[in-house]
Amino acid sequence: AWFAMGVLGRIYIAKEGINAQLALPSKNLEIFNNYLDTFSMFKKMRRNFAVEDGKSFFKLKIQIRDNIVADGIEDPDFDATNCGVHLDAKHWNELMNNPDVTVVDFRNHYESEVGHFQDAVLPDVDTFREQLPKVAEELKDKKDKPVMMYCTGGIRCEKASAYLKHNGFEDVYQLEGGIIKYARDCKEQEIEPKYIGKNFVFDERLSEKIT
């Protein structure tokens, strides 16, 4: 069904969920969405969209994995569904004005180097696995203060926000749909973005310009 729509990209499937990044001709988007909606499990699933010229993928690749994102969490009491409060672009910008807030970039160092939010904590790490305990340790004195986090498309923050809450952080927020959705919403709603630079993406384009 997807080949007929011209769908390319990569999909990771694990027991904890699905992470998919796809590309297809804009003319087939409605057909694609209608097809997904025929499956009850996908009907209310968040879908981030961006319009680009040129190809971002050259084939369709589907992989079975143990985890969508390798996290190194072994605590059996960890609940990945107990995540933070999701914020849209407008409310994200508003909360960033709070002087007590700490904003954390939950991407790898090479991703944040090409773009990041103003005054964000940018951990110097290569992997998400090492980032989780590092951030929890660095912010241990701010467990009663609001912590905001963001990533590319919102996937890593689902787990990162739950990890911080599991470690005693009380006031945790995450950017709904990540930088991808934030950039789109800012453009559509004429909101001035607080993101500086480009958004690193994991396909042939490598980055999307935001400011």
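In the predicted model, Asp 119 is found in the loop between strand S6 (115-117) and H5. This residue has a positive phi of about 60 degrees, although Asp 119 is not a glycine. Most residues other than glycine have a negative phi. With a relative accessibility of 77%, Asp 119 counts as exposed, because the cut-off for that class is over 50%. A positive phi also occurs at Glu 190, another residue other than glycine, where the value is near 55 degrees. Glu 190 lies in the loop between H7 and strand S9 (195-200), and with a relative accessible area of 75% this residue is exposed.

Helix H7, which spans residues 178-189, holds the place of Ile 180. At 17% relative accessibility Ile 180 counts as buried, since buried means under 20%. In sequence Ile 180 and Ala 50 are 130 residues apart, whereas in space their C-alpha atoms are 7.3 Å apart. Arg 184 is found in helix H7 as well, and this residue is partly exposed, with a relative accessible area of 36%. Between the C-alpha atoms of Arg 184 and Ile 210 there is a separation of 9.1 Å, while the two residues are 26 residues apart along the chain.

The aromatic residues were examined next. The count of aromatic pairs comes to nine. In one of them, the rings of Trp 92 and Tyr 150 have their centres 6.2 Å apart and their planes at 85 degrees, so the pair is edge-to-face. This pair links distant parts of the chain, for Trp 92 is in helix H3 (residues 89-96) and Tyr 150 is in strand S7 (residues 146-150), 58 residues apart. Both Trp 92 and Tyr 150 are buried. A further edge-to-face pair is formed by Phe 106 and Phe 128, because their ring centres are 6.3 Å apart and their planes stand at 65 degrees. Phe 106 lies in the loop between strand S5 (102-105) and H4, and Phe 128 lies in helix H5 (residues 128-138), so this pair ties together parts that are 22 residues apart in sequence. Phe 106 and Phe 128 are both buried. Ring pairs also link Trp 92, Phe 117, Tyr 150, Tyr 182 and Tyr 195 into a cluster. A contact of another kind involves the ring of Tyr 12, over which the charged end of Arg 65 sits, 3.6 Å from the ring centre.

Strand S7 also contains Met 149, which at 0% relative accessibility counts as buried. The C-alpha atoms of Met 149 and Leu 175 are 6.5 Å apart in space, although the two residues are 26 residues apart in sequence. When neighbours within four places in sequence are left aside, the residues in contact with Met 149 include Trp 92 and Phe 106, and also among them are Val 104, Cys 157, Ala 160, Leu 164, Val 172 and Leu 175.

Two packed helices are described by the angle between their axes and the distance between the axes. For H5 and helix H6 (residues 155-166), the angle is about 35 degrees and the axes are 10 Å apart. The crossing in which H5 passes H6 is right-handed. On the H5 side, the residues that meet H6 are Phe 128, Leu 132, Pro 133 and Ala 136, and on the H6 side their counterparts are Arg 156, Lys 159, Ala 160, Tyr 163 and Leu 164.

Finally, Glu 111 is found in helix H4, which spans residues 109-112. At 0% relative accessibility Glu 111 counts as buried. The side chain of Glu 111 makes a polar contact with the side chain of Thr 152, at 3.5 Å.

Notes. Residues numbered from 1 in each chain as written. Predicted model: local features only at pLDDT ≥ 70, side-chain atom pairs only at ≥ 80, totals over all residues. Heavy atoms only, no water. Helix = DSSP H or I, 4+ residues; strand = E, 2+ residues; numbered from the N terminus. Buried < 20%, exposed > 50% of the residue type's maximum accessible area, 1.4 Å probe, protein only. Polar contact = N/O pair within 3.5 Å; in protein donor to acceptor, adjacent residues only side chain to side chain. Phe/Tyr/Trp six-rings, centres within 6.5 Å; stacked < 30°, edge-to-face > 60°. Lys NZ or Arg CZ within 6 Å of the ring centre and 35° of its normal. Axes fitted to C-alpha atoms, helices over the stretch in contact; angles between N-to-C directions. Left-handed = near helix turned anticlockwise from the far one by under 90°. Contact = heavy atoms within 4.5 Å.
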